[in-house]
Every structure is written in structure tokens, then in C-alpha cells.
Amino acid sequence: MERAIYGDFADSANTKVAAGGRAPGYVVSSAGSAGRPPVIAPLPAGLTRPFWSVMIPIYNCREEYLRETLRGVLCQDPGVADMQIEVIDNHSTVGDPEAVVREMGGKRIEYHRQPLNLGIVENFNACVNRARGHWVHILHGDDGVRGDFYSCVRAGIMAHPEVGAAFCRTIYMDEDGQWTGLAELEGRTRGVLDRSFAERQLLDQHIQGVAIVVHRSTYEELGGFRSSLPHCLDWDMWKRVAVTKSIYYDPAPMACYRLHKAADSSRLMATGKNVADERRSIEYSCAELPQEYSAFVRRAARKAAGVRAIRRARQLWRDGRRGAAWRQFAEGMRCSLAPAVLARSVYFLVRMVVH
């Protein structure tokens with residue numbers, strides 16, 4: 001059903017372009033739109049820069065998770081000249097993350113503690129601003145990378161110097177590190193994704209932060225993470241990247257995204273604010289698209305957001321989280337009254353609530 005939607009609005013707006021190209025009429029900069037993203041200043045000229053900046057934002061991160069994350073990076077460490085590794089602690093109040101960093105990497109890993117808690121968005125922007133490398137990888141302290149992530153992604157980047165970002169397939173894992181699933185394939189072979197990927201990304205999140213690396217100049221051009229979207233800051237950013245830059249993709253599953261109740265995403269679902277932010281992000285994206293294209297995107301994206309919210313409501317209800325389920329349901333209905341949303345809403349009410 002969703003794949004048909006992509007084709008429908010793309011064909012109607014006549015925006016299909018050749019593989020790797022940029023769709024006509026896309027706005028490169030979001031400056032001047034509502035919720036303007038913060039400026040990411042270029043680094044001083046003449047600065048000696050590594051290829052990589054692996055920036056690890058944490059807040060009250062479980063020590064065993066942080067150790068696992070750092071171990072996965074250190075075992076691929078090409079050396080100081082080629083990789084900056086830095087933990088950015090958003091003023092944790094639990095444990096001693098600096099001691100864990102020193103235990104795992106000594107002075108090889110830089111450690112910066114924020115003087116106060118800046119919130120998720122500003123800590124992410126601090127990661128970008130503090131990054132000295134040409135390519136920035138924001139790696140959550142409870143996620144991880146496998147095997148040859150950095151060497152494989154670097155090989156792809158070097159083969160396609162025109163790209164502004166690169167990502168691989170994601171492995172989903174639970175609290176204990178057991179694999180629970182794989183992200184959908186975006187392509188069966190390594191290479192630059194065609195423009196149909198940007199269309200799909202405008203409707204749904206196809207990139208997990210652990211899996212993507214972004215050229216620092218891309219952040220400098222597009223700006224940082226929007227402070228007005230704390231509950232879907234990543235989807236909003238990757239949409240901006242997808243519609244303005246060529247993206248390299250490696251189908252090998254080399255990035256691990258941890259799903260657990262203490263994760264920010266789990267907490268946000270309990271309030272329903274994640275869905276409200278999705279609607280706001282859709283409006284920001286549509287404001288940056290040609291008028292004849294934005295109407296199709298808005299309608300399809302809001303329908304997709306409503307379907308996702310009702311689907312989450314069903315799962316939350318099964319898990320006994322009734323309050324969170326109702327909030328997802330209510331926010332989903334605010335997204336769209338398309339038949340696909342209404343049908344799932346009726347199913348939720350009849351099969352979940354009544355029975």
C-alpha cells in the first residue's frame with residue numbers, strides 16, 4: 001500500500017529524476033522556514049582534521065552499554081590522525097561515565113561533560129559543533145557498530161565523493177543485545193540511492209542514527225537539529241539530507257540499534273508528543289518543497305504518520321500501557337482521516353478496547 005502511495009504522488013508531481021540526481025525545485029537551505037535550524041559554523045581554515053569524528057552523546061547511560069559501544073569503535077580505531085572519538089556527557093546524574101571512558105580508552109577517547117543538561121537536541125548539536133573530522137558519526141551510548149563499519153563505509157564514500165551522507169542496514173536488538181530484527185533493505189547492492197529513497201524518507205523514517213555518517217559540510221549547509229522538534233529530531237534531519245544530497249548505501253547490517261524501555265524513543269511514545277512533532281516536521285518539510293509537490297507529500301506523509309501512531313497504539317495496548325496507547329491513538333487521528341487511518345482506528349477500538 002505505501003509503495004503505491006510513493007509512486008502516486010511522485011508521478012502526479014512529475015518529480016522523478018535520474019538515479020543519484022537532485023529533484024528539480026527542491027530547496028537546499030531551510031533558512032527562513034518556520035523552526036529554522038541552528039547554524040553549524042565551518043571549522044577554521046588550516047586546521048588539521050581527521051577523516052572521522054565519532055561523537056557519542058550520553059545521559060545516564062548504563063555502564064555496560066557504554067562499554068560495549070566504545071569497544072565496538074576502538075576495535076576499528078585507525079588512529080588519532082584518522083579518527084576523533086569523543087563522549088559528550090549531557091550532565092549525567094547517575095554513575096561515573098568518565099571513569100568508564102578512561103577504563104576503556106585511557107586518553108585515546110576525549111570526554112566532555114556539559115556544565116548543565118542541555119536537552120537532547122542541543123547535546124546533538126554540540127556533537128556536530130565539536131566534531132573536527134570531515135565525516136561525523138553521532139553514535140548513541142547504548143547503540144553500536146560491528147566489524148568493518150568504518151572501513152566499509154569509508155570505501156563507499158571514497159568511491160562516490162559526490163555524496164553528502166552514507167548509511168548501512170540496521171540491526172535491531174533488545175536490552176540484552178539479542179537481535180530482534182533487520183531494517184528493510186533500501187537497495188540490494190552497494191551504491192548511491194536513487195531519488196525514490198528521498199520520496200520514501202519524506203513519509204517515514206528509513207534511517208537510524210547509529211547507521212548514518214554525514215559530511216560535516218552537509219551540516220554546515222543545512223544547519224543542525226531543530227530545537228522545535230525534540231521528539232523527532234533525527235527524522236527531520238535525515239529528510240533534509242535525503243532531499244538535498246546524494247546518499248551512499250551499504251546493505252550489509254553493520255549498525256546495531258538498541259530498543260529498550262529506558263530509551264528516549266520509548267519515553268516519548270508514552271506522551272504522544274512524538275506524533276505531534278512528526279506533524280510539525282511534515283509541515284517544515286512541505287514548506288521547503290515546490291508548492292505543486294508539497295500537497296501530495298503532506299497528504300501522504302500525514303496518512304503514514306497516522307497509520308504508524310495507530311499501529312503503536314495497538315502494541316502499547318497489548319503491553320498493558322493503556323494511557324500511552326490512548327495518547328498515540330488520539331494523536332494518530334489528528335494526523336489524518338484517510339481510509340487507511342480510519343480502518344486501523346476501528347480495528348483498534350473493536351479488537352483491542354472492546355474485546
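**Two spots in a predicted model**

Val-350 has 38% relative accessibility, so it counts as partly exposed. The cut-offs explain the label: buried means under 20%, exposed means over 50%, and partly exposed is in between. Keep in mind that this is a predicted model.

Where does Val-350 lie? In helix α13. That helix covers residues 339-354.

Now look around Val-350. Together with Trp-326, Val-346, Leu-349 and Val-353, Val-350 forms a nonpolar patch on the surface. The five have about 380 Å² of accessible area together. Which helix gives the patch its largest share? Helix α13, with four residues.

Next, helix α12. This one runs over residues 322-335, which makes 14 residues. At 1.5 Å a residue, the helix should span 20 Å. The expected span uses one less than the number of residues, so mind that step when you check it. The end C-alpha atoms of α12 are 20 Å apart, so the model agrees with the expectation.

Which residues of α12 are buried? They are Ala-324, Ala-325, Gln-328, Phe-329, Glu-331, Gly-332 and Cys-335.

Is Gln-208 buried or exposed? Its relative accessibility is 14%, so Gln-208 counts as buried.

What does Gln-208 touch? Set aside the neighbours within four places in sequence. Then Gln-208 is in contact with Thr-170, Tyr-172 and Tyr-257. With one of them, Tyr-172, there is also a polar contact: the two side chains are joined at 3.4 Å.

To recap: Val-350 is partly exposed, and Gln-208 is buried.

Technical notes
Residues are numbered from 1 along each chain as its sequence is written. This is a predicted model: local features need pLDDT of at least 70, side-chain atom pairs count only at pLDDT 80 or more; totals for chains, interfaces and linings use all residues. Side-chain values use heavy atoms; hydrogens and water are left out. Buried means under 20% relative accessible area, exposed over 50%, partly exposed in between (1.4 Å probe, protein chains only). A polar contact is a pair of N or O atoms within 3.5 Å; within protein, one must be able to donate a hydrogen and the other to accept it, and residues adjacent in sequence count only if both atoms are side-chain atoms. Contact means heavy atoms within 4.5 Å. Helices (H or I, at least four residues) and strands (E, at least two) are DSSP runs, numbered from the N terminus. Patches are made of residues with over 30% relative accessible area and no salt bridge: like charges are joined within 9 Å, nonpolar side chains (Val, Leu, Ile, Met, Phe, Trp, Tyr) within 5 Å. Accessible areas come from the Shrake-Rupley method with a 1.4 Å probe; for residues, only the protein chains shown count as cover. A salt bridge is a side-chain nitrogen of Lys or Arg within 4 Å of a carboxyl oxygen of Asp or Glu.
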